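Welcome, and take a moment to look over the model before reading on. This report walks through a few of its features, one topic at a time.

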Amino acid sequence: MAFCSNCGAQVEDGAAFCDSCGARLVSARRPSAPAAKGSKKGLVITLAALLVIGIVIGVLFLTGVLGGGAKGVEGTWVCLQTDRDGYQARLVLVLEKGGEGYAYREEDGEKAFFPLSWDEASLNLDKDPVSYTWEGDSMTVLADGERFDFTRGADDDSAGSSTLQPGRYRLTAIYEDGEDISYEIAQYYGEVILQLSETHSGSITFDGEYEEIPNWGSHFIRYDDRDRFCRCDGSQITLYIYGEEWIFTREG
């Protein structure tokens with residue numbers, strides 16, 4: 001129940017005038033402010049704009065424009081090195097997950113392979129760290145004061161592209177000056193067997209006596225305290241031992 005502010009008489013709720021004195025009654029309630037027109041529409045536009053910006057940034061990261069390339073540095077990188085006389089050498093880096101991989105240099109069809117490890121800042125080739133930077137599909141390598149520009153590409157040679165598998169491999173051939181001398185080696189050593197276990201250890205057996213291989217990875221065998229690159233092509237493994245190319249064929 002309300003009262004008149006002029007004479008104090010009791011009046012009905014919602015009455016516009018006092019029945020006693022006729023004074024105009026003023027409501028104690030203040031009208032609420034009208035809702036701003038277009039506020040919901042502006043909110044929707046803002047959210048849509050933020051969504052579009054988020055999508056654009058995500059696409060830029062996925063395509064490698066931002067963030068150094070979301071593809072990751074893993075993969076195959078190729079560099080064609082040309083000297084002043086137009087002579088070319090092809091350099092290939094294969095970076096695998098876990099910080100391992102291999103590299104090779106190809107000149108006149110000949111390939112020299114090297115074990116390779118890497119981290120976020122450097123490549124470790126023959127235990128000498130080499131710095132590199134990369135963005136998207138481009139990589140720059142600085143080594144011994146020289147700069148090498150690599151691009152992400154495919155290794156079109158099967159050499160080194162297969163992985164070593166556990167198993168027993170028998171010596172089948174050794175070449176020297178184009179001549180197969182595996183028979184003479186077999187006569188001297190007897191059977192030469194390469195045994196790789198599933199625990200990444202193994203041995204090379206020379207006529208009943210064997211030398212341990214402390215560890216081997218997906219592309220390399222550590223033999224005689226040195227990393228020897230092994231080309232693996234299907235059931236064949238090519239090792240470099242005593243300066244010769246020893247070819248082993250997997251049994252079974």
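What is the relative accessible area of glutamate 251, and does that make glutamate 251 buried, partly exposed or exposed? The value is 29%, so glutamate 251 counts as partly exposed. We will come back to this residue once the overall picture is in place.

## The chain as a whole

Please keep in mind that this is a predicted model. The chain has 252 residues, and 32% of them count as buried. Its secondary structure is made up of two helices and 20 strands.

Contacts give another view of how the chain is arranged. Taking the contacts between residues at least 6 apart in sequence, 39% join residues at least 24 apart.

## Salt bridges around strand β10

Four salt bridges turn up in a search of the whole structure. One of them pairs aspartate 137 with arginine 152, with 2.9 Å between the closest N and O atoms. This pair links distant parts of the chain: aspartate 137 sits in the loop between β8 (128-135) and β9, while arginine 152 belongs to strand β10, 15 residues apart. Both partners are partly exposed, aspartate 137 with a relative accessible area of 36% and arginine 152 with 23%.

Another salt bridge joins aspartate 149 to arginine 147, and here too the closest N and O atoms are 2.9 Å apart. Aspartate 149 is partly exposed, at 43% relative accessible area. Arginine 147 has a relative accessibility of 57%, so it counts as exposed.

## Back to glutamate 251

Now for the residue from the opening question. Glutamate 251 forms a salt bridge with arginine 170, and their closest N and O atoms are 2.5 Å apart.

Like glutamate 251, which is partly exposed at 29%, arginine 170 counts as partly exposed, with a relative accessibility of 30%. The pair also belongs to a network: salt bridges that share partners join Arg168, Arg170 and Glu251.

## A patch of negative charge

The surface also carries a patch of negative charge, where Glu176, Asp177, Glu179, Asp180 and Glu184 gather. One of these residues, aspartate 180, is placed in strand β12 (residues 179-180). With a relative accessible area of 38%, aspartate 180 is partly exposed.

Next, let us turn to the interior. Cysteine 232 is part of strand β18 (residues 231-233). Its relative accessible area is 3%, so cysteine 232 is buried. The C-alpha atom of cysteine 232 is separated by 7.7 Å from that of histidine 219, a residue 13 positions away along the chain.

Threonine 238 is in strand β19 (residues 236-241). Is threonine 238 buried or exposed? Its relative accessibility is 9%, so threonine 238 counts as buried. Setting aside the neighbours within four places in sequence, threonine 238 is in contact with Phe229, Cys230, Arg231, Glu245, Trp246 and Ile247.

## Two loop residues with positive phi

Finally, here are two places where the backbone angles deserve a look. Aspartate 144 is not a glycine, yet its phi is positive, at about 50 degrees. This aspartate 144 lies in the loop between β9 (138-143) and β10 (146-152). Aspartate 144 is exposed, with a relative accessible area of 80%.

Histidine 200, another residue other than glycine, has a positive phi near 60 degrees. Where is histidine 200 found? Histidine 200 is in the loop between β13 (192-196) and β14 (202-206). With a relative accessibility of 39%, histidine 200 counts as partly exposed.

Key. Residues are numbered from 1 along each chain as its sequence is written. This is a predicted model: local features need pLDDT of at least 70, side-chain atom pairs count only at pLDDT 80 or more; totals for chains, interfaces and linings use all residues. Side-chain values use heavy atoms; hydrogens and water are left out. Helices (H or I, at least four residues) and strands (E, at least two) are DSSP runs, numbered from the N terminus. Buried means under 20% relative accessible area, exposed over 50%, partly exposed in between (1.4 Å probe, protein chains only). Contact means heavy atoms within 4.5 Å. Patches are made of residues with over 30% relative accessible area and no salt bridge: like charges are joined within 9 Å, nonpolar side chains (Val, Leu, Ile, Met, Phe, Trp, Tyr) within 5 Å. Accessible areas come from the Shrake-Rupley method with a 1.4 Å probe; for residues, only the protein chains shown count as cover. A salt bridge is a side-chain nitrogen of Lys or Arg within 4 Å of a carboxyl oxygen of Asp or Glu. Lys and Arg count as positive and Asp and Glu as negative; His and the chain ends are not counted. The place of a charge is taken as NZ of Lys, CZ of Arg, CG of Asp or CD of Glu.
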